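My notes follow in the order I made them.

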Amino acid sequence: MQELLRRMLFLPPEATSVARSIDRLHFFVISVTFAGAFAVGAVAFAFLVRYRARGEDEATPEVIVPRRLEIGVGLGLLALFVFWWFIGFRQYVAIETAPPGSLEVYVTAKQWMWKFSRADGERSAGVLVVPKDKSIRLLLTSRDVVHSFFVPAFRIKQDALPGRYTSLWFKADRAGTYPVYCAEYCGVDHSRMWASVVVLDAPDYERYLAGQTPDRVTHAGAQPELANDGIVGAREVTNMVDEGRAAASRYGCFSCHTVDGQRHIGPTWQGLYASTVPLASGKTVVASEDYLTRSMMDPHDDVVAGYSPIMPTYQGALPQPDAAAIVEFIKSLRYDEASPPVPLPSVIAVAPVLPAVKGAPLNPNPLTPSNPSEGSQR
Amino acid sequence: MSASYLTVDRTVWSWINTRDHKRIGVMFFVLNGLALLLGGLFALAMRTELLTPRSLFMSSMTYNRLFTLHGVIMVWLFMIPSIPSAFGNFMLPLMIGARDVAFPRLNLASLYIYLVGAVVTIVGLVVGATDTGWTFYVPYSAKDATAVLPVLFGVFIIGWSTILTGLNFIVTVHKMRAKNLRWMQMPLFVWTIYGTSIIQVLATPVLAMTLLLLGVDHWFDWGIFDPMRGGDPVLYQHLFWFYSHPAVYIMILPAMGVISECVSTFSRKNSLSYEAIVWATVGIALVGFLSWGHHMFTAGISVFDAGAFGLMSMFVAIFSAIKVFTWTGTLYRGSISLKTPLLYVFAFLFLFVFGGMTGVAVATTSLDLHWQDTYFVVAHFHFIMVGGTLTAYLAAVHYWFPKVTGRMYPERLGLLSASGVFFGFLLTFVPQFLLGNLGMPRRYHNYPAAFQPLHVLSTAGAYVLGSALFLTLGYLLWSLRYGEVAGANPWRSACFEWRTTSPPPPHNFEGTPPFERGAYDYTREALERERARALESDAALAPEPEAGHV
Amino acid sequence: MSEGGTKLEAHFESMERQADAARFGMWVFLASEALLFGALFTLYACYREKWPHAFEVGVAKNDALLGTTNTLLLITSSFLVVLGIDRYRRGDALVAARLVASTAAIGLLFLLIKSHEYAMHFSEGIFPGGHGAYFADAPAGSAVFFTLYFTMTGLHAIHVTVGMGVLVYSAIQVRRRRMSLHGLEIAALYWHLVDCIWIFLWPLYYLARGS
């Protein structure tokens, strides 16, 4: 039944269990819609036939509906609508809350392409390769205007905003290639800002991790629609944690923050991620990705208890990919990691590099973008 | 025969400098009609382009400009002012027994402000090649190289025209009603215009401010929504939808008023549950202000916000549902004659239920994650805007054509073109629902080849719809000159605007407006009283038949 | 009664109704104006929530003494225009005209102080849009604070200017007994709105420095 309705309504095959539950609600709502519209149409038509005018200037009786009936009908409908709202909102909450232990992928949107970088170092543009039956959490941001990440087969969509992270998760249970569209209008090539999510079975995924490129991935990258910038499907493997460490050193983070648990000018990064941080204001906050990014961009809100608000803002100075990499680096310094991927002592050795000495200028002023071409766009 | 508002002074200057709400209404109607024609032609061009998955005869850049033109013109130049400024202006004072609106000079000023705004907008759109879409989302619209500024400015100007018209109507309803007309006796169309005016007065300034901020950003680079300077683009969306969601009710409420009038007149029945309709109208106007966030479920708002806005949207839906039931119920035990306006009412009932219920569907948070920004949403709001408002607008055009012009339109052609509009509409927009399900995002010039068959169907429907509308335009122009003379009340309606001659005299009523009989009173007693009074006044006039005639 | 210059228009039944309609129309217009500023107050609230530190620093940067002086000026002016209406009701057109004119004069004083404040900001390198030297070391979000500050006080200043024009015109007409009482009342209503908005701007931009 569900399959028949899905085909009748031209919905793409569901690739996640979330999609199937959304579709069930969809079919319920649409069936009631059809029934309602046809019922109203049929009743109106029946009245038209039954009560058609039989002469000029006919008098008609004054029909008055009891107030109780009016209120009853209104409340009955309201109950139905609120019931839908209840189911829909529960699903929405589930969709917005990623299960713990998800594989995290940073998605950067720009006019007009999607770039994916994963904590384990995998990077690609236009094609995101993920394993089947594993929760994937996407952290989206944009480098220019608002975009929207839309995968019809998963029934999910999330806007990617400049200067902010939004998130989204899915767990595909069918191997396959699923198109991704940009759903928020973003300029001339909005209608070509496409990508693919390739979901691989465990054995294929193993081979992929080992460096082979399964046919499905090659094929997804070779779709004519996607050959937009010639780089689609290009795959770079770098270690995001390493990159984060390099960026942190480049931007002078280590002059104030340590990674071995020692207190310095700023709080240490060791064990910071996901810990509960006491703030100067007396409140506490959980150090999520969002908190960490916010602290780089606006250090003076949510100052950690016992530290002075002296950190400069990196708003406009720290490009989004670098910020993401630094967050990823901080995350790698969790206590609960069985084997920390970063050998701590060696990091300390490269630590205090002053920004003024390095070639990349630290630019704490948010008003003069470090990239001159961006400044001249206006 | 005394002079009507049309014949009292035939010079061009007397039109340009008129204070008569009826003439201002007619001029609004002509300007709105031109906007509809223009917006419709752009829609046809877009649908033609979408026949193929790749460029057929225009580039993506041109296509993006076209949908911006279509959206801006249809929303601000046609939909929002159409029924209130044209028919509201003409009918509102007639329906409450006033000689004019409260501020006739201000009324004329809103017409010229609208005209200036419309010209600035269209010139800005065409010459400046604006391609932001009618929503002007930042940061795209702030960074965009095309001329967004004149368009923002034009829409800003039109906004003030809307505010002044709304203000005028609110004061008119409060202060200009005939002495013997109480609030709960006013025709339902007046109530809906009143509700719309409240929204216009309270929501439009927020849009004006938002557009002003965007304009200043363009002009002086102030970047109030620029994330690089600490601004938040999502706040822009909040402010924009705080206006633009209630704007949907600006467009649909007067349409609902037209439906109430037509249903009652053509079934010769009291409007079922008059009070329920009134309170539903007020409810929509107020609760409509609290549901804007359902346009932003995927924009990165908090889960709590999404839940709250989702719930509020369900409340708004109830009010519309109550209205649908009362319209259908009004037909019960009536004396129904199927004229063109009533056929449009039937089309409206079906399409509006469908459009409204799909609205509930897209306001259901989890479902919206799939549908947001796809053709499903496009189809949904066209069911409301075209299936609802345009259908009601066409009903109003036919219903009041004899009142405004004094002539009848050809009934058979009317019924034919109404059927064309209905089926053309279904063929255009039902495939768009399915395209949305498939995952076709809106504002797409290129699309995957698999979507093509549905697009072809939709384009075919658009041509049917377009032809029916052109047929309507043709016979209405023809009837202006050659139509049968209508007489004061060709529909034998009880509603107040029909209790004067057609077309009405310059000051609307000769003497005190006769409001003893209710606007929806078709009972035997009412008809008999009416007949008795007619005989009496004939008898009174008999000694000097020329009295009161000029 | 000084119903002077206003004639009963053809579409009204009586002069009272016409006056009533005009007053009511002004109230509706003021509601609309309130929402115009409402959009900006909303932005203020949202951005203050986002950048509390920058807003506190920004408010401290404004001269509370000048701001408070301006508040007192506007309240005084509103009081004067009310006195003017009272005088006009009693038929004393000359004093009424002087009171209304002095209201406008206080408006001018307000604008002078306001522009002095702007000049101070400019000399410190504070310009709208986050332009200027000040923002190099200012906390993040300062750009938004000052853009809002200039937008809101600037828009308010435009309203003050329009209000002054209306008052000067009213003073002249009152002097000639050509203005109806309700006409003067409507002009005063507009001025009260201008006053009211400032009473909200004052704490937000001069007093709320945080702890």
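Predicted model: local features only at pLDDT ≥ 70, side-chain atom pairs only at ≥ 80, totals over all residues.

I began with chain B: of its contacts between residues at least 6 apart in sequence, 84% join residues at least 24 apart. Contact here puts two C-beta atoms, placed from the backbone, within 7 Å.

Residues are numbered from 1 along each chain as written, and chains are lettered from A in the order in which they are written.

Next I looked up the make-up of chain B and found 16 helices and zero strands (DSSP runs: H or I of at least four residues for helices, E of at least two for strands, numbered from the N terminus). The C-alpha trace spans about 85 × 45 × 45 Å along its principal axes. Why did I check the radius of gyration of chain B against a compact globule? With 550 residues the globule would have one near 24 Å, and chain B agrees because it has 24 Å (C-alpha atoms; the rule is 2.2 Å times the number of residues to the power 0.38).

Then I turned to where chain C touches chain B: 29 residues come from chain C and 30 residues from chain B. On the chain C side, α1 and α5 (142–175) each supply at least two residues, and α1(C) gives the largest share, 18 residues.

Last, I followed α1(C) itself, residues 15–50, and noted a reach of 53 Å from first C-alpha to last, close to the 52 Å expected (1.5 Å times one less than the number of residues). α1(C) also bends by about 25° at Phe37(C), taken between axes fitted to the seven residues ending there and the seven starting there.
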